[in-house]
Amino acid sequence: MDPDYSFEFKHPFVELSLDDKGADRSLNALFFPVSEQAKGIVLYFHGNADNLQRWGTYTVDFTQNQYEVLAVEYPGYGKNPGTPTEAELYKSAQLAYERARELYPADQIIIYGRSLGSGPASWLAAQHQARQLILETPFPSIPKLFRMRASVVLVPFEPNPKFPVARHLQSVSYPISIIQGTNDWVVPYRVASELRKYLKPDDQFITIEGGGHRNLRSFPEYEKILADLLQ
């Protein structure tokens with residue numbers, strides 16, 4: 001993506017740069033405000049494909065529930081230079097959390113990760129307090145995903161990413177909700193279901209019958225699920 005590219009969305013947004021002082025660089029991010037009193041903020045970690053021009057469109061799912069959204073772009077994606085390693089995604093998550101804490105207390109922060117984004121989202125949740133963690137189409141770890149579905153390809157990540165989501169979940173003391181479809185061909189339902197054993201008694205594993213990896217938003221119950229989680 002050209003550094004001068006202009007994002008376009010149907011709902012209000014502000015383009016930001018999150019300073020990474022240790023690396024003497026900044027990360028591109030988008031902030032989506034709400035017009036009325038906000039309930040809090042969602043830290044949005046997107047999937048592997050494309051960039052924030054695509055993923056920013058979906059943030060309306062949260063703003064319509066009166067949550068502002070901070071969506072950070074990964075190194076090597078969109079306008080960001082660099083290489084998207086596992087460690088770099090964790091740094092991106094940390095920068096996003098620090099910016100969110102400038103705006104809201106921890107109990108008004110929701111950490112959300114979709115697919116690949118469940119890696120940095122779960123890592124962040126294991127490190128910091130928040131109101132809740134929401135994972136959509138997550139995996140237990142990249143190695144386990146490869147073993148259970150050998151055709152999965154996650155590029156351009158190097159070196160071999162692990163993203164041990166299952167391990168991170170064991171360190172999250174606040175509510176966790178997982179949303180998964182039964183017809184997911186990228187992260188099969190049986191693979192995502194491995195995460196059930198790492199959930200606390202009051203956590204939720206929410207199933208959308210017939211849902212795939214990329215189309216959960218098209219199911220009528222998805223909107224209600226999010227609305228309930230964002231009360």
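I will take the strand and its partners, then the loop residue.

This is a predicted model, in which local features need pLDDT of at least 70, side-chain atom pairs count only at pLDDT 80 or more, and totals for chains, interfaces and linings use all residues. Residues are numbered from 1 along each chain as its sequence is written, and side-chain values use heavy atoms, with hydrogens and water left out.

Start with strand E6, residues 132-136. Helices (H or I, at least four residues) and strands (E, at least two) are DSSP runs, numbered from the N terminus. Five of the five residues in E6 are buried, meaning under 20% relative accessible area with a 1.4 Å probe, protein chains only. In a regular strand the side chains alternate between the two faces of the sheet. Here Gln132, Ile134 and Glu136 are on one side, Leu133 and Leu135 on the other, and both faces are covered.

What does E6 pair with? Strand E5, residues 109-114, is parallel to E6 over five bridges, and strand E7, residues 176-181, runs parallel to E6 with four. Pairing requires at least two DSSP bridges between the strands. Leucine 133 stands opposite isoleucine 111, and its bridge partner in E7 is isoleucine 176.

That brings us to aspartate 203, in the loop between helix H7 (189-192) and strand E8 (204-208). Aspartate 203 counts as buried because its relative accessibility is 11%. A polar atom of its side chain lies 3.0 Å from the backbone nitrogen of isoleucine 176. The aspartate 203 side chain also reaches the backbone nitrogen of lysine 200, at 2.8 Å.

Technical notes
Buried means under 20% relative accessible area, exposed over 50%, partly exposed in between (1.4 Å probe, protein chains only). A polar contact is a pair of N or O atoms within 3.5 Å; within protein, one must be able to donate a hydrogen and the other to accept it, and residues adjacent in sequence count only if both atoms are side-chain atoms.
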